[in-house]
Amino acid sequence: MKKIIIFLGLICFIAISCEDELNVFPEDSLSVPTFFQTEDDFVQAVNGTYAPLRTMYNQTKPFMAEMSSDNTYFARNTAFGATENNQDIADHSMITDDGITPNSNVQNQYRQLYAIVARANQILVTVDDAEIDQAVKDNVKGQALFLRAFAYFDLVQFYGSVPLHLEPVLDREGAALPLSSPDVIYPQIIADAQAAIPLLPPKSVQEPGRVTSGAAQTLLANVYIVLQEWAAAETLLKAVVNSGEYMLMPDYEDAFSGNSDNKNNMESVFEIQYREGAEGVQGNFMYNFLPRPIEADEVGALFGTADPQPINGQGNNIPTPDIIAAYEDGDLREDGSIMYIETRESFWNDGIYPIIKKYVEPHALHNNHGMNFPVYRYAEVLLFLAEALEEQGKDGEAITYLNQVRTRAGLGAHTGDLGDAIFRERRVELAFENKRWFDLLRKGIAIQVMTEFGNRVINNPNDYYLPEGVPAAGNAFTNIRERYALPSSESELNPNF
């Protein structure tokens, strides 16, 4: 990690912002003393701080936060063989020795998060002394603080104890910090998010695609909910609701970005920005979520691309029978979230698989789409608020926020325990948005739920996309743990691992 952090701490990737949305363009490097001079320098620097998010959401985070849960699984391609790094996450069978693992997804997620930290740190140590417009300075600083808090929130939830870097790394000694515990990391996340809120403009003023005061309030409320500080979360979430900056889109399917339109809509609190084309800022996450093998004409029929190509390998992030069964009768979100496709060359049953519909949008180029990935939506703000209120015994008020979400879904009043109903609602409302694993963790039921899920897979492998007669892997669900092990490649560089 030392080489990576030193390198990232000394460069800033150059980006250009378009008028309508944040877009980070191909990068080049400059030295710190000559670069951080003008408003444009700082704007470009903060653009570069967003850039690793695109890499994460294209692949590693959906695998680690969704496919590690009971919402999605992998689709076995017996002709190709196992894609070990992805399959091992879905199977909770990663090789782990003394708290480290060689899994490449774990490594790449870790490195991208620290790339954000390194770039944010470089901005934060220089921006206060910059002779630039104060409003620009505040906005840049607020974005850097948010992004550092966001990165450490992911790090502490995925890995537990990690190094806490709060300034640029200038030498090898500064790179190899000891691991800090969550008790140390969470106060820093809170401090960064609290500092970001007053510096950031609201959604109606901020350039589309950049984080806002509402996004920072939602992030901080999310942290408080994980820490079970319900009253603090309530205050923040009510500020977001009362801001008038957000609303539920009338149709659930309209909450999600098109390939080139409907981005950063009124329900969007924060989403990862992609754009189709040759600039290097495109997405391809939906291609990573398909069952395989899949023929070129099948890909073309799904996406409408002019140059469709066949895809082989192992399928990923396939909706499980469990999530499909979680939708109530009449829930409009099921048809908005899941669709079925037929793959002629499949080894599984008749080759008709469920796939994630909410990210299927027509686009021109194979493996190159422009749909944004949602991080926080207003629907989640409402569900967070309902949960915070219910936990404080304010059931009557909580139900009003829960019902806003259920009414759009075409559903009436909830049944059973209110707390359980809110938790169930999160699963179906936020399906395939990288929430399920974190929800299982904060509820303290991840090992229990995944043990039960694993038993279903092992006992009924054909129900979970393994071909007839093909059993689950011998090591499937033998290493279920709440935190990912740290990447072994980084342990070679940091003696504190």
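Predicted model: local features only at pLDDT ≥ 70, side-chain atom pairs only at ≥ 80, totals over all residues.

Biologist: How many charged residues are in the lining of the largest cavity?

Modeller: The largest cavity has a volume of about 180 Å³. Among the 19 residues that line this cavity, N222, Y376, N434, K435 and F438 are the closest to its centre. The lining divides into eight nonpolar residues, three polar ones and, as the number requested, eight charged.

Biologist: Which element supplies the largest share of that lining?

Modeller: At least two lining residues come from each of α3 (39-65), α6 (134-159), α9 (213-226), β9, α15 (378-391) and α18 (436-442). The largest share, four residues, is supplied by α6.

Biologist: Why is strand β9 described as largely enclosed by the rest of the structure?

Modeller: Strand β9 covers residues 373-377. Buried means under 20% relative accessible area. Strand β9 is largely enclosed because five of its five residues are buried.

Biologist: Which residue of β9 stands opposite S268?

Modeller: Strand β5 (residues 268-272) runs antiparallel to β9, and four bridges join the two. In this pairing, the residue opposite S268 is R377.

Biologist: What is the volume of the second largest cavity?

Modeller: The residues lining the second largest cavity include S68, H92, W437 and Y484. Its lining comprises four nonpolar, four polar and three charged residues. The volume of this second largest cavity is about 100 Å³.

Conventions: Residues numbered from 1 in each chain as written. Heavy atoms only, no water. Buried < 20%, exposed > 50% of the residue type's maximum accessible area, 1.4 Å probe, protein only. Pairing = 2+ DSSP bridges. 1 Å grid on protein atoms, 1.4 Å probe; cavity = no way out; pocket = protein on both sides within 12 Å on 5 of 7 lines; lining within 4 Å. Points joined across faces, edges and corners; volume = space filled by probe spheres on them. Nonpolar A, V, L, I, M, F, W, Y, C, P; charged D, E, K, R; others polar.
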